[in-house]
Amino acid sequence: MHPQNTHQENFLDEDEVCNPSGNTHIQDLIETRLSRRQALKGGIAVTTTTLFGSLSLSACGGGGGSRDDSSTSTSLALGFTAVAKNRNDLVTLPAGYQMSVLHALGDPLHYGDASWANDGSETADSYNRRIGDGHDGMQWFGLSDSGSYQASRSDRGLLCVNHEYVVSPFVLHPSGKTAGSTRVASEVDKEINAHGMSVCEVRRASSGTGVSMVRGSSYNRRVTSATPMDFAGPAKGASLLQTKYSTDGTATRGTNNNCANGYTPWGTYLTCEENYLNVISRASGDDALRSAKEVTSLNRYGLPQNRKSPYLWDTAGSDDTYARWSSSVTGASAAADYRNTINTFGWVVEIDPFNPDSRPVKRTALGRFNHEGCWPCNAVAGKPVVFYMGDDARNEYIYKFVSKANWDAADVGKGLTAGAKYMDEGTLYVARFNSDGSGDWLELTFGKNGLTSSNTTYAFSDQADVVINARLAADILGATKMDRPEWGAVNPTNGEVYMTLTNNSNRVSPSATPTGNQLKPDTANPRYYEDSYTKSDGSTSTNKGNPNGHIIRWRENGSDPAATRFTWDIYLFGAQADAASNVNLSGLTDVNDFSSPDGLWFDSRGILWIETDDSAYTDVTNCMLLAAIPGTVGDGGAVVAAGGTPTLKGASATPNTVRRFLVGPKECEITGVAMTPDRKTLFINIQHPGEDTTPNFSTGSFGSHWPDSQTNSTSTKRPRSATVVITRTDGGEIGV
């Protein structure tokens, strides 16, 4: 979940892999001959009526694009002073708030392992018992005195945290990653164990202040890139999942590049595999050893032959520990090698945090792609359970899964057994956003909608083949290519769904002729503009396309999450406050302007928390967390975006409806968000502080020294990803 144009030494560059399919755009775009100067100055002399023709605006409440939502009926009010934009090496909070670090990279979960030493001396094996790297998505689960799930509990709980990737400047190792075309085995072993996720018990002091990790708790656990796991659902036992490790295709080892997350109504954690191409290579000449169908799949998922992964784990030795990271034909059959490694990643993984001995399960019915996260609808007795998901890559899709079984609250606390009931059987859909503000969920089921063995694009064999190759199935159905779908969130007050579209450098001007994987804008991804950016060396570069991203939202027909049609608009457009009005379509000001929305989460009151992972505005401010009181789909109107494409926007932001709550330290991403049920403790993650600067390990010179810099302005310590605990100094509810 990293932005365009950021430091990419140690992880996948999203610009490397992009949806190449040729499925039709969602509308015939209106051509424009506006110059860039005209577009950026708002010189669009075509009326909304002309652009939309006879399009009904009833879905927008008939309002104009300049309307704010001051008339929105709500009892909520943001009760803090907006934090100013800054580039300090600190977590900056509003007056009346305080923070502490719950845990950071390398902190021991149990007794017997030494504390983080700031020199990379911790052993690889100890990372099976230490907090991992790249803190990302997370979830709070209340823990009862008897050790079961208690959703209402706030003073004691289990916090599940993803550890997405090993962050440059590789502070895991004494002097950073050893250079060379092959990796050092001991370093790879440590990196394997630093990926995945952690479970730790957390308690609040009886005084109501002080929140800390319970070191040595029997619930404390690491799940890593080496942890044994099972497959479940339609792909379990499929030939495409067979490996030397699991010759019947029912099991695998490890979960990787776990970005956003999710949770279930029955009380389990969902960790989601996103940029797994970070660690998977494929040999030169491998195409000749494959069927044409296999090559189509491998290329569509970004793994062409002779592709070397950024981490090069497969080069550390011939043992299966390392060889399994090359998805190449080396044996006589799939059961004799790891040619199918690529297919064993890209899944939603269910973990029972209350049972440390349970094996995680990869739920294949939810499809395989760059899973950013997996967010449930508001569960209703007697109705299906629905999960929403994004595929985080340029020009990829938004999906949802509708369970076959109807929700029964008696299944709360039944762990992976409930998971099998609700997540192994159901219907997978992909979204098409139509230009009139309507949308369709397209069913991805074998034998329907052209997903058959006679399909000329890709001949599907069965439903296992469909879910393993969900991207190809979505291509065939003509789903809408989006600007990097990232986090989603469901409003608990009305069931409307929000999803961040972080940015897309692959959009080109409507007047241009696209080449390669480029796309013109469309109504759901409408902006094309250019934005200058001052780099750290003082030079200027230009970001093109949709550099600042936006947040789309939809309401299911009849407010039924299982519906196959919906109505949509764009809730907010990221932009700097002084951008042209057709770029800053949401009317953002200095108290709420932002870029590259990424993390997204609703608390139980209906406050929406928005996190950024940015490189397009970091010459002005570090990444941030904002709080918002959203309106509803249709509370804005029709507008024309920079570049000339018409779209539907939500009500403009005001300081009362969107406000900056936090700014992070240097070169970080703000990600992961959770809150105790009493709304008095907020958890957020600071990922990869100092990532963009080449370090000097001998002098202790890094792009950031956080978290130590939070209390020591002259620190020379290594930067670490960490989980932050935020409370009000008066003990009240967060945000109001």
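## Charges over rings

The charged end of Arg-471 sits over the ring of Tyr-301, 5.0 Å from the ring centre. Lys-400 does likewise with Tyr-429, at 5.9 Å from the centre of that ring. The test here is NZ of Lys or CZ of Arg within 6 Å of the ring centre and within 35 degrees of the ring normal.

This is a predicted model: local features need pLDDT of at least 70, side-chain atom pairs count only at pLDDT 80 or more, and totals for chains, interfaces and linings use all residues. Residues are numbered from 1 along each chain as its sequence is written, and side-chain values use heavy atoms, with hydrogens and water left out.

## Aromatic pairs

There are 30 aromatic pairs in the structure. Rings of Phe, Tyr and Trp (the six-membered ring for Trp) pair if their centres lie within 6.5 Å; planes under 30 degrees apart count as stacked, over 60 as edge-to-face and the rest as tilted. Phe-141 and Phe-354 make an edge-to-face pair, 6.3 Å centre to centre with 85° between the planes. Phe-141 belongs to strand β2 (residues 135–142) and Phe-354 to the loop between β11 and β12, so this pair ties together parts 213 residues apart in sequence. Both Phe-141 and Phe-354 are buried, where buried means under 20% relative accessible area, with a 1.4 Å probe and protein chains only (exposed is over 50%, partly exposed in between).

Then there's Phe-433 with Phe-566: ring centres 5.2 Å apart and planes at 70°, so edge-to-face. Phe-433 sits in strand β17 and Phe-566 in strand β25 (residues 565–573), so parts 133 residues apart in sequence get tied together. Phe-433 is buried at a relative accessible area of 1%, and Phe-566 is buried, also at 1%.

## Nonpolar cores

The largest nonpolar core has 60 residues, and those with the most contacts inside it are Leu-366, Phe-387, Met-389, Tyr-399 and Leu-444. Such a core is a set of buried Ala, Val, Leu, Ile, Met, Phe, Trp, Tyr and Cys residues joined through side-chain atoms within 4.5 Å. Elements supplying at least two residues each include α3 (185–194), β17 (426–433) and α8 (470–477), with α8 giving the most, 5 residues. Apart from this core lies another, of 45 residues, among them Ala-260, Trp-487, Leu-608 and Ala-641.

Back to Leu-366: leaving aside neighbours within four places in sequence, its contacts include Val-348, Phe-387, Met-389, Met-423 and Leu-428. Contact means heavy atoms within 4.5 Å.

## Helix α6

Helices (H or I, at least four residues) and strands (E, at least two) are DSSP runs, numbered from the N terminus. In α6 (residues 415–423), the buried residues are Gly-415, Leu-416, Ala-418, Gly-419, Tyr-422 and Met-423. Looking down the axis, they fall within an arc of 150°, so they line one face of the helix; the arc is taken over directions from the helix axis to the C-beta atoms. They pack against β10 (269–273), β11 (348–351), β12 (361–363), β14 (384–390) and β16 (398–406).

Strand β32 (residues 669–675) has 7 of its 7 residues buried, so the rest of the structure largely encloses it. It pairs with β33 (residues 682–687) in the antiparallel sense over 6 bridges, pairing being at least two DSSP bridges between strands. Val-673 stands opposite Ile-684 in β33. The hairpin has 6 residues between the strands, and Arg-679 takes a positive phi near 65°.
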